[in-house]
Amino acid sequence: MEEILRQALTILRATWKHRRLGMLVAWIVGAVAAGVILRIPNQYEASARIYVDTQSILRPLMAGLAVQPNIEQQIMMLSRTLISRPNLEKLIRMADLDLNVKNKAQQEALIDDLTSSLKILGVCRDNLYTISYRDPDPAKAQKVVQALVSIFIESSLGDKRQDTDSARKFLDEQIRNYEKKLSEAENRLKDFKIRNIDLASAEGKNGVDRLSDLSTQLNAARLQLREAEQSRDALRRQIAGEEPVLLPDSNIGDSSVSLPEIDGRIDTQKRNLDTLLQRYTEQHPDVIGTRRLIKDLEEQKRQEIVARKKFAAANPGASVSNNPVYQQLKVSLAEAEANAASLRARVSEYEERYKRTTTLMKTQPQLETELAQMNRDYELDKRNYEQLVSRRDSAELSGDLDNAGSMADFRLIDPPRSSSKPVAPNRLMLFPLGLVLAIAGGLFAAFAASQIRPVFFDGKALRDVTELPVIGTVSLIHNEARTQKERASLRRFFIASAGLVIAYGLGTGILMFLSQRAS
């Protein structure tokens with residue numbers, strides 16, 4: 001720490017030795033700085049404020065119907081991109097700034113100057129934008145701001161969204177393509193369904209369910225056919241193996257009389273009743289209904305026997321061929337034959353269907369996969385088509401909305417005007433900076449001189465630099481003449497320093513007086 005203080009003290013003593021050079025440089029730098037500050041041209045600022053009202057009544061009314069852009073974001077991006085080269089070139093033409101432009105280099109310099117001078121400040125929360133420009137000519141500054149305000153508003157209001165037409169054309173082209181795809185998909189689906197009509201099933205049943213239903217129907221038809229054939233064979237045996245008689249003696253009970261057409265039905269229902277009783281109780285509706293049917297058939301048999309007895313009593317000499325019982329047997333046999341033939345046709349049809357369904361089951365997975373793929377492609381194309389149509393309608397509505405009116409209202413709060421007093425440069429602030437610069441220049445000059453022509457103030461510094469032994473030092477004895485000379489030099493230094501500060505102080509005071517007088 002002691003070494004650092006010693007070196008700092010040495011540097012200060014060396015700088016102080018060249019104080020006259022430093023003071024001269026300080027006066028020169030101060031004079032130059034003051035001249036530069038006074039020669040800086042005055043800058044006048046022109047400004048304008050614009051308010052953008054984005055709370056249009058059309059926005060809530062058209063919510064969900066039209067594509068509504070983010071107006072705040074668009075205005076913010078417009079304000080950031082307003083100072084672009086095309087807009088600046090347009091601004092130069094509108095403000096007649098190109099009158100003195102002679103070549104391309106001057107035009108580029110003018111564009112660069114405008115880029116650095118034009119300012120657009122906005123408060124996004126309040127949608128309030130301020131446009132400002134500084135120039136030595138206040139009328140020119142006002143004209144530039146007026147032109148920029150016009151460009152800002154025209155860029156917002158004059159843009160009718162030319163991309164809407166491009167988007168609409170693109171959507172129309174895509175819709176036509178999807179219409180063609182839908183038509184082709186519908187034709188393929190129609191041809192596939194026609195070729196594979198057997199795939200269509202009622203109630204949404206698949207191949208396994210249909211095959212199971214056909215198997216059940218086929219077994220039921222076969223059972224009915226066997227019952228009909230057995231009933232027919234019984235009628236044949238009765239007709240062929242027994243002499244048909246009218247009726248037994250009246251003393252024989254009704255239950256011993258055989259009526260094959262009714263007895264066969266009664267036997268069938270009794271067998272059905274036995275089957276039902278094995279599965280259900282006596283209170284089951286099917287059991288009760290079957291018992292009622294058996295009772296009705298027995299009553300019908302009793303009435304038929306009574307009718308035949310009356311006929312036999314009235315015609316005791318009738319021949320066997322005219323026997324109504326025999327005739328009834330023949331009629332019943334014919335009905336049984338017809339019923340059996342009908343059931344055979346039904347069984348044959350069910351067997352054919354069963355074979356056809358079995359054959360179809362082998363290729364059904366592949367056909368169902370093809371059908372599912374066709375349906376998936378068709379549904380995808382249909383969904384895309386409907387979305388495109390919806391978006392086209394939304395785009396058309398958005399275009400009509402743009403033509404009907406703007407979604408943002410631009411209001412010029414403060415028209416372009418230039419300041420009556422210059423806003424720059426601030427000479428009251430620059431003059432103290434000039435004084436500081438002059439003092440810094442003097443100190444630097446004195447320090448540089450001390451480093452160029454170094455001086456040793458003690459033996460230790462000389463020994464450290466030369467690395468030679470120092471035998472001794474000779475001290476300077478000040479006399480009266482030298483002391484007065486140094487005092488006079490010191491007085492001149494302080495007078496020069498005070499004069500520099502006073503000169504700058506007077507300059508600052510004069511500027512303040514002129515500024516207050518101008519206001």
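Helices (H or I, at least four residues) and strands (E, at least two) are DSSP runs, numbered from the N terminus. This is a predicted model in which local features need pLDDT of at least 70 and side-chain atom pairs count only at pLDDT 80 or more, while totals for chains, interfaces and linings use all residues. Residues are numbered from 1 along each chain as its sequence is written, and side-chain values use heavy atoms, with hydrogens and water left out.

**Whole chain**
- The chain holds 15 helices and four strands, and buried residues (under 20% relative accessible area, 1.4 Å probe, protein chains only) make up 28% of its 519 residues.
- Among contacts (heavy atoms within 4.5 Å) between residues at least 6 apart in sequence, 80% join residues at least 24 apart.

**Helix 2 and helix 13**
- The axes of helix 2 (residues 19-39) and helix 13 (residues 427-452), which are lines fitted to C-alpha atoms over the stretch in contact, with angles running from 0 to 180 degrees between N-to-C directions, come within 7 Å and cross at roughly 150°.
- Helix 2 is therefore roughly antiparallel to helix 13, a term used for angles over 145 degrees.
- Helix 2 contributes L21, G22, V25, A26, V29, G30, A33, A34, I37 and L38 to the contact, and residues of helix 13 in it include R427, F431, G434 and G441.

**Q269**
- Q269 lies in helix 10 (residues 260-279) and is buried, with a relative accessible area of 19%.
- Leaving aside residues up to four places away in sequence, Q269 touches T290, L293, I294 and L297.

How values were computed. Angles under 35 degrees count as roughly parallel, over 145 as roughly antiparallel, 65 to 115 as roughly perpendicular and the rest as oblique. Buried means under 20% relative accessible area, exposed over 50%, partly exposed in between (1.4 Å probe, protein chains only).
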